[in-house]
Amino acid sequence: TGASSGIGKSTCKVLIKKGYFVFGSVRNKEDAKNLQVKMGKNFLPLIFDVKSRSEIKSAAKLVKLKLEGQNLTALVNNAGIAVIGPLQYLPIKDFREQIEVKLVGTLSCIQEFLPLLGTDPSFSGAPGRIINVSSALGGKIGAPFFGAYCSSKHALEGMSESLRRELMLYDIKVSIIAPGAIATPIWGKVKPSSEKKKYSNTEYSKALDKVLTLLNHLGDTGLSVQTVANKILKSIEDRKPKLKYYFF
C-alpha cells in the first residue's frame, strides 16, 4: 500500500527487479497511470484509499483473479500520514485521521487480503507474509508534537505482535519494519506555515517552530528509501523472519 512515492514506490521497484509481480495501491487514476508506465508489465496499480473498506474489498477481488488460485507472497502495509501538533490542542479529527490511516487502514487491508495469504484452504502454495511499516522511534518513544503519529505507530506494533501469534495457526509470518528518519516525501507534506498558524497563540509556539524547522532537514539527511525497500525484501525472503527489523 502507498505505492505512489517514498518507501512504497522504491519497494515496488526493488521487488520487480527481483522478479516479483507487484500490486501497488494508489489513491487516484493519475498516479496509477504514471506508475504503470514506470514500473512496466510486472506491476498492476490498485486504486483505493485505506480508509475505504469497500475500495479495499474491490482491490482484493481483482488480486484474487490475477493470482489464479495461488497464495499471495506478501502484503506490505506501508501507507501512512504524519499529523503534527501538541496533543493539548490537536483537533480530534486530525488525531482520528492519523489512527484511521495507519492503524485501522492497516487492519482493514489485512482482513481483506488474509484469505489470499493462506487462510483460504482453496488456495495453494506457501503461506504469505505480512509486513507492517512502523518507525524506530515513533514505535517506541512518545516524542513531543508527534503524539498522534507515535500513538498510531505504538498501536501498530502492538497489533502486529498480536497478529504474529494469532496467525501462527496458518503459518503466516508477521514482521515490523522500523526505520529511523527517512528521506521520504511524507515529511514534505507537513506544511510548516500552516502548522505554525494553528498553534501560534499557544504556549507551544516556539518549541513547535524548532520541531518544524527540524522536519525540513529530514528529507535530506534521513535513510534512503532504497535502504528501507531492501530491508522489506529481506523480511519477505528470510527463512525465519524476525518480528522486528531495525536499521542499526
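**Exercise 1. Overall dimensions**

Task: Determine how the radius of gyration of the protein chain in this predicted model relates to the value for a compact globule with 248 residues.

Solution: For 248 residues, a compact globule would have a radius of gyration near 18 Å, and because the protein chain has 18 Å, the two agree. As a next step, consider the extent along the principal axes, where the C-alpha atoms of the protein chain fill a box of roughly 60 × 40 × 35 Å. The secondary structure of the chain, finally, comes to nine helices and six strands.

**Exercise 2. The open sheet and its helices**

Task: Work out which strands stand at the edges of the open sheet of four strands, and which helices pack on the sheet.

Solution: Begin with the strand order, which is 3-4-5-6 with parallel pairing. Strand 3 (74–77) and strand 6 (244–245) each have a single partner strand, and therefore they stand at the edges, with one side of each left without a neighbour in the sheet. Strand 6 pairs with strand 5 (residues 173–177) in the parallel sense over two bridges, and the bridge partner of I176 in strand 6 is K244. Turning to the helices, helix 5 (residues 147–166) packs on the sheet and touches strand 4, strand 5 and strand 6, its direction making about 160 degrees with that of strand 5. Helix 4 (residues 92–119), for its part, lies across strand 3 and strand 4 (129–133), and runs at about 175 degrees to strand 3.

**Exercise 3. The second largest pocket**

Task: Describe the lining of the second largest pocket by residue, by element and by residue class.

Solution: The pocket has a volume of about 510 Å³. It is lined by 25 residues, of which F21, V22, F23, L72 and A74 are the closest to its centre. Helix 1 (6–17), strand 1 (22–26), helix 3 (53–67) and strand 3 are the elements that give two or more residues to this lining. Sorted by class, the lining of the second largest pocket divides into 17 nonpolar residues, eight polar and no charged.

Definitions and conventions: Residues are numbered from 1 along each chain as its sequence is written. This is a predicted model: local features need pLDDT of at least 70, side-chain atom pairs count only at pLDDT 80 or more; totals for chains, interfaces and linings use all residues. Side-chain values use heavy atoms; hydrogens and water are left out. Two strands pair if DSSP finds at least two bridges between them. Contact means heavy atoms within 4.5 Å. Axes are lines fitted to C-alpha atoms, for helices over the stretch in contact, and angles run from 0 to 180 degrees between N-to-C directions. On a 1 Å grid over the protein atoms alone, a cavity is a set of points where a 1.4 Å probe fits but cannot get out, and a pocket is an open set with protein on both sides within 12 Å along at least five of seven lines; lining residues have an atom within 4 Å of a point. Grid points are joined across faces, edges and corners, and a volume is the space filled by probe spheres set on the points. Ala, Val, Leu, Ile, Met, Phe, Trp, Tyr, Cys and Pro count as nonpolar, Asp, Glu, Lys and Arg as charged, and the others, Gly among them, as polar. The radius of gyration is taken over C-alpha atoms; the globule rule is 2.2 Å times the number of residues to the power 0.38.
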